[in-house]
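Dear colleague,

Please find below the structure that I promised to pass on to you. My notes on it follow directly after.

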Amino acid sequence: MATYLSASVLLSADGTRTPGTAALFAEPSRKGGVPPWAGDFRPANSAGRGPKNAVGQTFTLEMPDGSTGKVVVQGLKSGKGGVVLALMGEDAPPF
């Protein structure tokens, strides 16, 4: 299982950029298909609670090296550490 943890940017369809940290994982592909991947995105303090009404929306996740991947926000968790968006990848993992 591949893993990734680093700064990243969540880019909405209207061009709004939300900086934060992504913690992602990918499982081995089954029968030569695209490996499934998912993870969490924690918006940076400067980004507040992140994108509004994000659950169910598709975003582009941009990595520091410029690689990107499409993600759908599956859920929103909030607690003492702030807000965390649960992500599900759509294409090949960008990490």
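Trp37 counts as buried in this predicted model, because its relative accessibility is 2%, under the limit of 20%.

A pair of aromatic rings is described by the distance of the centres and the angle of the planes. The count of such pairs comes to two. In one of them, the ring centres of Tyr4 and Phe95 lie 5.7 Å apart and the planes meet at 35°, so this pair is tilted. Tyr4 belongs to strand E1 (residues 2–11), while Phe95 sits in the segment after strand E6 (82–89); the pair therefore ties together parts that are 91 residues apart in sequence. Tyr4 is buried at 17% relative accessibility, whereas Phe95 is partly exposed, with a relative accessible area of 29%.

Phe95 also pairs with Trp37 in an edge-to-face arrangement, with 6.0 Å from centre to centre and 75° between the planes. Since Trp37 lies in strand E3 (residues 37–43) and Phe95 in the segment after E6, this pair ties together parts that are 58 residues apart in sequence. Tyr4, Trp37 and Phe95 form one aromatic cluster.

A separate point concerns Thr18, which is located in strand E2 (residues 17–26). Thr18 is buried, with a relative accessible area of 6%. Leaving aside residues up to four places away in sequence, Thr18 touches Ser8, Val9, Leu10, Phe41, Pro43, Ala47, Gly50 and Pro51.

With kind regards

Key
Residues are numbered from 1 along each chain as its sequence is written. This is a predicted model: local features need pLDDT of at least 70, side-chain atom pairs count only at pLDDT 80 or more; totals for chains, interfaces and linings use all residues. Side-chain values use heavy atoms; hydrogens and water are left out. Helices (H or I, at least four residues) and strands (E, at least two) are DSSP runs, numbered from the N terminus. Buried means under 20% relative accessible area, exposed over 50%, partly exposed in between (1.4 Å probe, protein chains only). Contact means heavy atoms within 4.5 Å. Rings of Phe, Tyr and Trp (its six-membered ring) pair if their centres lie within 6.5 Å; planes under 30 degrees apart count as stacked, over 60 as edge-to-face and the rest as tilted.
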